[in-house]
Amino acid sequence: MATDSAAPAASGAGSKRNLLIFDAEEDLAVSLAKYTADLSAKFAAERGAFTVVLSGGSLIEALRNLAEPPYLETVDWSKWHVFWVDERVVPKDHEDSNYKLALDGLLAKVPIPPGQVYAINDALSAEGAADDYETVLKQLVKNGVLAMSTATGFPRFDVMLLGMGPDGHIASLFPGHPLVKENQKWVTHIKDSPKPPPERITFTFPVINSSAYVAMVVTGAGKAGAVQKALSDKQASSDLLPVEMAILQDGEFTWFTDKEAVSMLQNK
Ligand SMILES: O=C(O)[C@H](O)[C@@H](O)[C@H](O)[C@H](O)COP(=O)(O)O
């Protein structure tokens, strides 16, 4: 595995960036499980809670080792609070549901208290579900489960485990879409997602960028172009991909990649 640590010019004040490149997807999965379990232990000890944000897509499969020994027994699952960085506005048992994807792939296999898994209210419209989710987050800030960033005034999740699309989108923040500029709301909605299904809710950039840790899990040649654009040294540009707008204010951003995903990088 090759690694690279750098604090690029585009990083926030106290942020750090790591690039991990694995030979095989299985090696990535092993490392990602350890990374997540280590953060779980750290935050459970420090704050008595561990706030974990998931995306949909291939990320869930990459987390599979968490539901196996040793982590199944060693992780203190009672401290986990699970959220979605984005969710499709469909019933929770629909095959497009990110909740269902995570439930089937991970959450049903580990003993997280059901009340600490924050699915969207699937009885509401996209707009209503986004407002409702933000209200849930505000309540969790009030009762101390969810931290706040003193630097940004937005919630500070312990870790976000995210994927990226071939077009450089993260969450449901797509290239060229006005939602990438949202800077007030914590959670917003989209009705014209270029990736189906069209109606979704999504965390906004100020929330993503207030995280303590972000793991960006990206594999496969189809993503090499966006990875190259995101990781190349560049001048400030007005046509940033959403993944390039993920700049932590005060946190650690780790890319979990494979050889194919970094195949267009010059210096790796
Ligand atoms: O709801 C969604 O569509 C996902 O949350 C989405 O943001 C996903 O994480 C990326 O598209 C990467 O997906 P893959 O890893 O499957 O390419």
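Two strands pair if DSSP finds at least two bridges between them. Strands (E, at least two residues) and helices (H or I, at least four) are DSSP runs, numbered from the N terminus.

This is a predicted model, in which local features need pLDDT of at least 70, side-chain atom pairs count only at pLDDT 80 or more, and totals for chains, interfaces and linings use all residues. Residues are numbered from 1 along each chain as its sequence is written, and side-chain values use heavy atoms, with hydrogens and water left out.

**Strands**

Strand β3 (residues 50-54) runs parallel to β4, and 5 bridges join the two. Opposite Trp 84 of β4 stands Leu 54. Buried here means under 20% relative accessible area, exposed over 50%, and partly exposed in between (1.4 Å probe, protein chains only). In strand β4 (residues 80-84), 5 of the 5 residues are buried, so the strand is largely enclosed by the rest of the structure. Cover is found on both faces of β4: Trp 80, Val 82 and Trp 84 are buried on one side, His 81 and Phe 83 on the other.

Strand β12 (residues 252-258) has 6 of its 7 residues buried and is therefore also largely enclosed by the rest of the structure. It pairs in the parallel sense with strand β2 (residues 16-22) over 7 bridges, where Ile 21 stands opposite Thr 257. Strand β11 (residues 213-218) is also parallel to β12, with 6 bridges, and Ala 215 has Thr 254 as its bridge partner.

**Helix α1**

Among the buried residues of α1 are Leu 28, Leu 32, Thr 36, Leu 39 and Phe 43. Thr 36 has a relative accessible area of 0%. A polar atom of the Thr 36 side chain lies 2.8 Å from the backbone oxygen of Leu 32. Such a polar contact is a pair of N or O atoms within 3.5 Å; within protein, one must be able to donate a hydrogen and the other to accept it, and residues adjacent in sequence count only if both atoms are side-chain atoms. After α1 comes Gly 48, with a positive phi near 75°.

**Ligand site**

| Residue | Distance to a ligand oxygen atom |
|---|---|
| Asp 86 | 2.6 Å |
| Asn 98 | 2.8 Å |
| Lys 223 | 2.5 Å |

The protein buries 90% of the 420 Å² that the ligand exposes when taken alone; these areas come from the Shrake-Rupley method with a 1.4 Å probe.

**Backbone features**

Most residues other than glycine have a negative phi, and most peptide bonds are trans. The bond from Pro 69 to Pro 70 is cis, with omega near 0°, and Pro 70 lies in the loop between α2 (59-62) and α3 (71-74). Pro 196 and Pro 197 are likewise joined by a cis peptide bond, with omega about -5°. Ala 171 is not a glycine, yet its phi is positive, about 50°. Ala 171 counts as buried at 6% relative accessibility.
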